[in-house]
Amino acid sequence: MTVDFDLTPEELNIYLAESNEQLQLLEEGLVSLERDDHSEDLVQSLFRAAHTLKGSAGMIGHHRKVEITNSLESALDGLRQNSIKITPELIDICLESVDAIRMLVDEVRTGELSHVDTTHFVESFDLFLDSKKRGGSKKSKTKPASGEKKAVKDLTEKAPGKDMIKVEVGIDQNSIASSARALQILMAIHQLGEVVESSPEMQEIESGNPVEQVCAMLKKAKPVEEIKATFEKLSELTYLSINDEKYPLGEKEKALSTAAAKQPQQEEQDESSARFGDFLVKQNIISMDQLEAVIEQQKSMGPDAPRIGKLLVENGTVSQPAIDDAIAMFVKELQNTTSRLKASPAKSTKSEKTIRTSVERLDVLVNLVGELITDRNRLYQIRSDMAMQSVDQAWTESFSQTITHLGRITNELQSEILSIRMLPISTVFNKFPRLVRDLSRKLNKKIDLVISGEDTEVDRTVLDKISDPLIHLLRNAADHGIESPAERTAAGKPEIGTIHLSAKQENGQIVIVIKDDGQGIDADKVRASSVRKGLLTEQEAAAMTDEQAVDMVFASGVSTRTEVSEVSGRGVGMDIVRTNIELLNGSISLYTQVGQGTECEIVMPLTFEIVPTLLTRSNSTTIAIPLSNIAEVLRVPVDEIKSVGGNSVINRRDETLRLFNLNEALGFGKNPSDSDVAHVISIRFGKTKIGLAVDQFVREEDLMVKSVGLVKDYTAGLAGASILGDGSVALILDVPGLIKAVA
């Protein structure tokens, strides 16, 4: 079933961005609140987030979202007023409602109706609030806090200064939303003169607390009659005071309301209840027929008839949350209008410091910069060729300076464009406290997640693909690694297990580490599982070192668990984790100690499109090797190359390095050489390190990676290709694929 909301594409983008921001704030804040239940600021920020979500839902007529956010807001209001306590059960309900709201937000994006049962959540909150309310002092919901009254009173007692007037407006205590009415009054006041001071402050109004009166000091104010005429048009006001001289507004308001009911065509010009009904029609909350019917009902009841909103609720036409939501929309619009009015001329003409743009445009820019880099490299080659020929010295020098400047600008442009695509890894990490919290509840364990390095920036393409592998590794750490509280106590450990998640940049790569203080990986259990699954014979398993055996957890079907649980135990996942990481030209390594814990290290490039490389020559072919995979570059005398078990090896700093000819490894055939020195590149991937023999080292160069299509599928070890400055093609080495093929 499809659903339709009246949003332009621009409004949709703003709505989705704001909703996702508030949902992320709620999710992270609720998890933090469970740990620290004494943070009043945190509770207040969560309440505001729920209130904002409810308001945005009302603006587009999303009634089901209004119902859930209204219940969530009530629960957070209970925490804010100390009428209920923070418990794991309450946090469970709140987090589940956040998930439901996220699905309802997705309805707006896709236009497809989800299967969220709003009644379930509303009833769950109602039952919880009814059962958990405790006695004691409670803050009133119908009156402002004492501090707020004092703020208004202080201003009303002030005498107006020279060339100033004091305006005070009272709000009907029966107002549906006095805070919305207060914002409307402030908007009107800003149109009547230069506001020197006003009370209550915007922050107090936005808190949603009831407001009894609004007071302001004005300079260069408009005439008194115009001020009176302005407020006579507004509804739900009781009096207007100008320099302490009061003018009643209630009777006039009733007359205007009745007139508005008789003249629907004027509903957009005043703020009577009839206009509110027209607003509801525009938001598709009620139909025009329903509006006309309720107006006739209101007309028949005389001047003391209830407001249209109240009648609609009493008639069962609209729910109270829907009415509240529509009012919240007014609040938002008035906030925006008031903010513009309060801005000074200098501020109003100031340009924005940020803009929104699509990822696709950034991708196009990266491709264009890559082409520019290719042309820059070509110009470098031309300069080099000219230097070797007899060309006019002055002209050559001028040309060289221009190319050098162009190269520097290109480098800066490349750096800036790539930095725009970089995002903090916190956009992924911020989801994990909720994940670990839910797992600990499900597994009946006590687990603390410690995150560091969340400000580390990586390319957005890395973020898109690293989330799922990290989720699986965290689930494994919680289920396989961390023991139950009883087991940890028996082992002399704290009841609360700890998982550390960290990120850092190192040598042009990002290093992500997941480390737990759990029971570690038992190599014998991995051997037994590998034999049981038919992956190894008993003899092969026995011949393995513990490190090799532990690495078998990345094989499909291998698990240290003998029973399948809801979280893990099927032996699937770790093989997919390694595959997905290696597709990103990354590596994953495990380090473990039984009884002490396990550390998982992921190393990946920061970006993919433009790669710093070392150019080499082998058998007339130019091959580029990513610098991030190079440990060192060596010139080894041929007589130092030994043969062990039919394999060529070299010894380097007490380390035996297996040596491969790069052309042979790629299947291009061996190029005979009479040189007495071998050019060797030591490359690394995870725990593996090998040596590659090439014919010649050329130079370092940044290359734009281009796909080689089917060639990559049939030639292990190729990641792509790039065009060099002289127009020739360089093949870019896929180090993980090559090591898999030869090692």
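This is a predicted model: local features need pLDDT of at least 70, side-chain atom pairs count only at pLDDT 80 or more; totals for chains, interfaces and linings use all residues.
1. Six strands make up an open sheet with mixed pairing, in the order S15-S19-S20-S18-S17-S16. Its edges are formed by strand S15 (630–637) and strand S16 (642–644), each of which pairs on one side only. On average, neighbouring strands of this sheet are turned by 40° against each other, direction ignored.

2. Pairing within the sheet. In general, the strands of a sheet pair through backbone hydrogen bonds, in either a parallel or an antiparallel manner. Strand S18 (residues 655–661) and strand S20 (residues 688–694) run parallel and are joined by three bridges. For Asn661, the bridge partner in S20 is Ala693.

3. A helix on the sheet. Helix H28 (residues 735–742) packs on the sheet, where it touches S18, strand S19 (677–685) and S20. The direction of H28 makes about 105° with that of S19.

4. The buried side of H9. Helix H9 spans residues 224–232, and Ile227, Lys228 and Phe231 are buried in it. These residues cover an arc of only 100° around the axis, and they are therefore on the same side of H9.

5. Lys220 lies in the loop between strand S3 (213–219) and H9. With a relative accessible area of 69%, Lys220 is exposed, because the cut-off for that class is over 50%. Leaving aside residues up to four places away in sequence, Lys220 touches Asp163, Leu192, Gly193 and Glu194. Of these contacts, Asp163 is 57 residues from Lys220 in sequence, while the C-alpha to C-alpha separation in space is 7.0 Å.

6. The aromatic pair. The count of aromatic pairs comes to one. The ring centres of Phe429 and Phe432 are 6.2 Å apart and the ring planes stand at 45°, so this pair is classed as tilted. Phe429 counts as buried, because its relative accessibility is 0%. Phe432 likewise counts as buried, at 0% relative accessibility.

Notes: Residues are numbered from 1 along each chain as its sequence is written. Side-chain values use heavy atoms; hydrogens and water are left out. Rings of Phe, Tyr and Trp (its six-membered ring) pair if their centres lie within 6.5 Å; planes under 30 degrees apart count as stacked, over 60 as edge-to-face and the rest as tilted. Buried means under 20% relative accessible area, exposed over 50%, partly exposed in between (1.4 Å probe, protein chains only). Helices (H or I, at least four residues) and strands (E, at least two) are DSSP runs, numbered from the N terminus. The arc is that of the directions from the helix axis to the C-beta atoms. Two strands pair if DSSP finds at least two bridges between them. Axes are lines fitted to C-alpha atoms, for helices over the stretch in contact, and angles run from 0 to 180 degrees between N-to-C directions. Contact means heavy atoms within 4.5 Å.
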